[in-house]
Amino acid sequence: MPRPPMKTVRQQQLIDATLVSVERHGLHNTTINTISGLAGLSSGLISHYFGGKQGLIEATQKYLLDQLKQALLSRTKGRSMLPLERLHAIVEANFTELQRSRPATKTWLCFWSQAMHEQGLSRLQHINSQRLYSNLLFSFKKLLPKAQAIAAAKQTAAMIDGFWLRSALSPTPEKEFEQAQILSKAFIEAVIMQYGENRCH
């Protein structure tokens with residue numbers, strides 16, 4: 001396998017350093033210097049590759065979003081899956097080791113707060129929300145009438161986000177994240193049974 005270009009390697013180093021800096025210092029106290037220091041790279045590379053701190057912050061959120069997408073693809077691509085299996089895979093993709101790590105959880109929490117004030121982050125958060133909803137709706141529509149599928153997708157998206165948030169803020173996040181996956185899957189199965197259209201088999 002060919003090595004990635006040095007530009008790609010350095011960009012990823014800066015994104016990884018941003019995650020660590022936000023974990024240690026928070027978003028507001030994360031600076032070009034804290035990031036470059038953690039990455040062991042010149043601060044000028046941040047402007048060169050990302051146009052400045054804000055561009056790097058947005059690139060970091062895009063990275064976390066892409067990892068969510070890749071986590072789902074790795075579980076579903078090229079496989080023949082029942083709708084319920086795919087719904088379970090969506091849950092698992094949202095609770096991967098990366099997405100529940102301290103750097104990722106602290107960065108997500110900062111992004112959500114800052115998205116209310118910055119258009120670029122708000123746009124990325126909207127993409128994230130719509131992607132989760134669309135993925136859930138795709139599978140629920142194979143199991144439920146349209147109106148019920150829409151309601152189930154909205155409820156499940158809120159359930160996943162809510163459990164993720166509560167787990168991230170918990171004193172024992174690892175335990176809570178594990179339980180969150182179990183409860184989210186159980187909720188999906190309960191919703192399907194509630195509407196009496198269990199066509200999983």
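The largest pocket has a volume of about 360 Å³, a volume being the space filled by probe spheres set on grid points joined across faces, edges and corners. Here a pocket is, on a 1 Å grid over the protein atoms alone, an open set of points where a 1.4 Å probe fits, with protein on both sides within 12 Å along at least five of seven lines, and lining residues have an atom within 4 Å of a point. The model is predicted, with local features needing pLDDT of at least 70 and side-chain atom pairs pLDDT 80 or more, while totals for chains, interfaces and linings use all residues. Residues are numbered from 1 along each chain as its sequence is written, and side-chain values use heavy atoms, leaving out hydrogens and water.

In the largest pocket, 20 residues form the lining, and Leu68, Asn94, Asn128, Arg131 and Leu132 lie nearest the centre. At least two lining residues come from each of helix 4 (53-76), helix 5 (83-93), helix 6, helix 7 (119-140) and helix 8 (146-168). The lining divides into 10 nonpolar, six polar and four charged residues, where Ala, Val, Leu, Ile, Met, Phe, Trp, Tyr, Cys and Pro count as nonpolar, Asp, Glu, Lys and Arg as charged, and the others, Gly among them, as polar.

Turning to the fold, the chain holds nine helices and zero strands, taken as DSSP runs numbered from the N terminus (helices H or I, at least four residues; strands E, at least two). The C-alpha trace spans about 60 × 40 × 30 Å along its principal axes.

Helix 1 (residues 6-25) packs against helix 6 (residues 102-114) at an angle of about 75°, their axes lying 8 Å apart; axes are lines fitted to C-alpha atoms over the stretch in contact, and angles run from 0 to 180 degrees between N-to-C directions. Helix 1 and helix 6 are therefore roughly perpendicular, a term covering 65 to 115 degrees. Leu19, Val20, Val22 and Glu23 of helix 1 meet Arg102, Pro103, Ala104, Lys106, Thr107 and Cys110 of helix 6, contact meaning heavy atoms within 4.5 Å. Among these contact residues are six nonpolar, one polar and three charged.

How values were computed. Angles under 35 degrees count as roughly parallel, over 145 as roughly antiparallel, 65 to 115 as roughly perpendicular and the rest as oblique.
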